[in-house]
Amino acid sequence: MIYKGIYHLFYQYNRRSAVWGDIVWGHSTSTDLVNWTLHPPALFPSEPYDTKGCWSGSATILQDEWVKSPHNPIMTPNAMSRTLFRDPSTAWLEPDGSWRVIIGNEREHHGTALLYRSKDFNHWIEAEQPLHSSNETGIDKNRRIFIAWINESTSRDIDIMKGWSGLQPVEEINNLRTNNVKLPTTTLKEEGSALEVSGVTGAQADVEISFSIPMLEKAEMLESRWTNPQEICSQRGSSAKGGVGPFGLLVLASNDIQEFTVVFLRMFRKNDKFIVLMCTDLKRCMFKSR
């Protein structure tokens with residue numbers, strides 16, 4: 001969110017490790033979405049209702065107040081919504097003077113978006129009917145603006161060693177990109193062939209790349225037992241040949257190409273559709289052993 005010209009980011013945060021657990025609301029600020037200042041947690045467990053952590057949520061600017069409400073919990077699920085009641089949207093004010101919030105829920109295996117109303121932001125009433133419901137999804141995480149989370153296939157031990165896990169792309173970063181390096185369209189005909197992209201220096205780069213695959217019908221069938229994408233990535237790795245793939249990038253590579261990280265893609269077929277998995281392979285990564 002933007003408050004008085006400064007970006008405020010609130011996020012689920014484990015202060016003691018780079019893996020799940022002991023969740024508080026972290027708080028960081030930035031003026032450019034690149035350089036961030038870390039602040040003390042905005043919310044942390046302090047009451048009986050949040051002893052297991054301060055989890056998903058959103059932030060709404062309300063009369064310059066930045067406090068944990070003494071009226072909590074200000075929204076409580078009804079009997080049908082006690083489980084999977086989560087991820088409230090940012091609130092918005094309607095012309096009738098009442099606030100609206102959408103909350104994700106699951107009812108009878110239907111992903112459901114619940115609508116709540118309030119006149120004072122402390123007392124909330126659920127609408128008689130859900131705003132949306134679908135039997136094609138589970139819990140329906142609705143957002144007016146959504147910043148995607150990119151998970152990784154690294155193990156818990158590696159995440160702890162690195163001290164971080166995952167990525168979040170932000171559209172505004174496009175305005176800050178400099179020193180563009182462009183590579184003309186190139187055809188890689190031989191299996192295992194590689195092409196160096198010159199001119200990229202430093203440890204940070206935004207990469208936009210398009211691959212044209214001429215023979216998609218060779219893609220493997222995605223087996224029903226393959227339900228965890230991270231397990232598929234880690235078990236098959238970048239060296240196991242598939243019908244289409246692996247193909248991708250070698251990044252953080254040493255000059256002699258003896259150490260590098262592989263960012264690769266694999267393609268599968270399922271029910272007349274194509275599925276693409278984006279994976280990483282750290283077997284030759286110089287940072288993994290340190």
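Aspartate 87 is buried, with a relative accessible area of 3%; buried here means under 20%, exposed means over 50%, and partly exposed lies in between (1.4 Å probe, protein chains only). This is a predicted model, in which local features need pLDDT of at least 70 and side-chain atom pairs count only at pLDDT 80 or more, while totals for chains, interfaces and linings use all residues. Residues are numbered from 1 along each chain as its sequence is written, and side-chain values use heavy atoms, with hydrogens and water left out.

**The overall picture**

The chain has 290 residues, of which 28% count as buried. Its secondary structure consists of two helices and 13 strands; helices (H or I, at least four residues) and strands (E, at least two) are DSSP runs, numbered from the N terminus. If you look at contacts (heavy atoms within 4.5 Å) with a separation of 6 or more, 45% of them come from residues 24 or more positions apart.

How far can you trust the coordinates? The average pLDDT, the predictor's confidence in each residue from 0 to 100, is 81 for the chain, and 86% of the residues score at least 70. Residues 140-147 are a stretch to treat with care: pLDDT stays under 50 there, although the model has 17 contacts beyond four places in sequence for them. Where pLDDT is low, the predicted coordinates should not be read in detail.

**Charged pairs**

Side chains of opposite charge can pair when their charged atoms come close. With a salt bridge taken as a side-chain nitrogen of Lys or Arg within 4 Å of a carboxyl oxygen of Asp or Glu, the model has seven of them.

| Aspartate 22 | Arginine 16 | 2.0 Å |

How accessible are the partners? Aspartate 281 is buried at 7%, whereas lysine 283 is exposed at 58%.

**The disulfide**

A disulfide is a covalent bond between the sulfur atoms of two cysteines. Taking it as a pair of cysteine sulfur atoms within 2.5 Å, a search of the whole structure gives one. Which cysteines form it? They are cysteine 233 and cysteine 279, with sulfur atoms 2.0 Å apart. The bond links distant parts of the chain, since cysteine 233 sits in helix α2 (residues 229-236) and cysteine 279 in strand β13 (residues 273-281), 46 residues apart. The torsion about the S-S bond is about -55°, so this disulfide is left-handed. Cysteine 233 is buried at 6%, and cysteine 279 is buried at 3%. For cysteine 54, relative accessibility is 8%, which counts as buried.

**Around phenylalanine 247**

Phenylalanine 247 belongs to strand β11 (residues 247-251) and is buried, with 17% relative accessibility. Beyond its neighbours within four places in sequence, phenylalanine 247 contacts Phe211, Ile213, Val263, Phe264, Leu265 and Met267. Alanine 194 lies 53 residues from phenylalanine 247 in sequence, with the C-alpha atoms 9.8 Å apart in space.

**Backbone features to check**

Most residues other than glycine have a negative phi, and most peptide bonds are trans. Where does the model depart from this? A cis peptide bond, with omega of about -10°, joins asparagine 72 to proline 73, and proline 73 is in the loop between β4 and β5 (92-93). The bond from glycine 245 to proline 246 is cis too, with omega near 5°; proline 246 lies in the loop between α2 and β11.

Positive phi values turn up in loops as well. Lysine 4 has phi near 55° and sits in the loop between β1 (2-3) and β2 (6-14), where it is exposed at 69% relative accessibility. Asparagine 271 also has phi near 55°; its place is the loop between β12 (261-270) and β13, and it is exposed at 63%.
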